[in-house]
Amino acid sequence: MKRILTGITPSGYPHLGNYIGAIKPSLDLLDENCESFLFIADLHAVIKVSDPEKLNELSNSIAMAWLASGLDPDKTNFYRQSDIPEITELAWLLSCITEKGLLNRAHAYKAAMDINNESGKKDIDEGISVGLFSYPLLMASDILTPNATHVPVGKDQQQHLEITRDIAEKFNRKYGDFFNVPEAVIKDEKTVLGTDGRKMSKSYNNIIPLLGDEKDLRKAVMKIVTNSQEPGEKKDWKDNTLFGIYSSFASEEKQVEMKNMFNDGVGWGDAKQKVFEELNQILKPIREKYLELNSNQKHIEEVLKAGAEKVRKQTLPSIKEVKRLVGINKL
Ligand code: TRP
């Protein structure tokens, strides 16, 4: 049976890019013939979020984003990474068989070194935490602790899956076949564009919020960059940010309609109004569910606690077996 697993790091408020790029495709992948593990990667977020209150709030909003988007906690193992201590325990054991060079090549670490290099720092590692450096290792542990077989992720995470496979194979060779060697399920991803035309990301401040109210949504859509063409002028939909964003959620039919409007010289204001209306239709049910969840925080905590309990029924015996294989036993 397939064991599908994926996590979202709560390092920013949930946005349309998270929904289209991660949440929806993961939920769409689930069916009766798989076991699924969807989680909030809060331990990963400690690397980036230094304000404790903020971290807590972000974890909470990612939990609500999953649930409001239709995750059914009765059918899916839904949990918070930090509630599963077996993950951090396994991470240490994996670190003992992982060559440092494998992590030297990981792109998050390389990007951090590049920034130091460009700004002329003498020490190339200045300000880089061990947490950031070993982050692919913790991710490997997220995946291997519940022994996942399939991991839906964006292209930017492909390298981490390769690292995970390397580590799993090495463990299996050394101690005997124990871990599944997991496969990445890469969505034939079109990057979801942000309001400024770059990839939608909280670090660019160009997001369309997933859980905001109608006013927030309208404001974000109105912010999408266009150009100085007047109404009546024919507009090119290729390489156009407004059309790019629209195409990441609108049906083929709707996209054709929009292309025709561009051809016919629609004004930017009217085109944005249409994008807003279509998007609002998709996000309305999510927003309504979110408001309901938000008024009952205790329920969310209970859901997460129950999820962790269910997962630990599997991960506790599993870590015990790993330790036995490694040679950590009761005397
Ligand atoms: N690193 C992933 C990201 O930034 C999130 C993540 C953490 C994850 N652990 C995972 C994804 C395990 C898949 C499997 O998007």
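This is a predicted model: local features need pLDDT of at least 70, side-chain atom pairs count only at pLDDT 80 or more; totals for chains, interfaces and linings use all residues.
Colleague: Which elements of domain 1 give two or more residues to the side that touches domain 2?

Modeller: Those elements are α1, which covers 16–29, and α3, which covers 52–68. Sorted by class, the side of domain 1 that touches domain 2 has seven nonpolar residues, together with one polar and one charged residue.

Colleague: And what area is buried between the two, domain 1 and domain 2?

Modeller: About 760 Å² is buried between domain 1 and domain 2, and carbon and sulfur atoms give 74% of that area. On the domain 1 side, Leu16, Ala68 and Lys190 lose the most area to domain 2, and together these three make up 50% of what that side buries.

Colleague: Back up a bit: where do the bounds of domain 1 and domain 2 fall?

Modeller: Domain 1 is made of two segments, 2–192 and 297–326, while domain 2 runs over 212–291. The contact takes nine residues from domain 1 and nine residues from domain 2. Taken over C-alpha atoms, the centres of domain 1 and domain 2 are separated by 33 Å.

Colleague: Switching to the ligand, how many residues surround it, and which are the closest?

Modeller: The ligand is surrounded by 14 residues, of which Gly7, Tyr135, Met139, Asp142 and Gln157 are the closest.

Colleague: What lies 2.7 Å from a nitrogen atom of the ligand?

Modeller: That is a polar side-chain atom of Asp142. For Tyr135, an N or O atom in the side chain is 2.8 Å from a nitrogen atom of the ligand, and for Gln157 a polar side-chain atom lies 3.1 Å from a ligand nitrogen atom.

Colleague: Last topic, how many salt bridges does a search of the whole structure find?

Modeller: Searching the whole structure finds 15 salt bridges. One of the pairs that form a salt bridge is Lys24 with Asp28, whose closest N and O atoms are 3.0 Å apart.

Colleague: Where do Lys24 and Asp28 lie?

Modeller: Both Lys24 and Asp28 are in helix α1, four residues apart, which is about one turn of the helix.

Conventions. Residues are numbered from 1 along each chain as its sequence is written. Side-chain values use heavy atoms; hydrogens and water are left out. Domain bounds come from an automatic or database domain assignment. Contact means heavy atoms within 4.5 Å. Buried area is the accessible area (1.4 Å probe) that two parts lose on being put together, summed over both. Ala, Val, Leu, Ile, Met, Phe, Trp, Tyr, Cys and Pro count as nonpolar, Asp, Glu, Lys and Arg as charged, and the others, Gly among them, as polar. A residue is near a molecule or strand if one of its heavy atoms lies within 4 Å of it. A polar contact is a pair of N or O atoms within 3.5 Å; within protein, one must be able to donate a hydrogen and the other to accept it, and residues adjacent in sequence count only if both atoms are side-chain atoms. A salt bridge is a side-chain nitrogen of Lys or Arg within 4 Å of a carboxyl oxygen of Asp or Glu.
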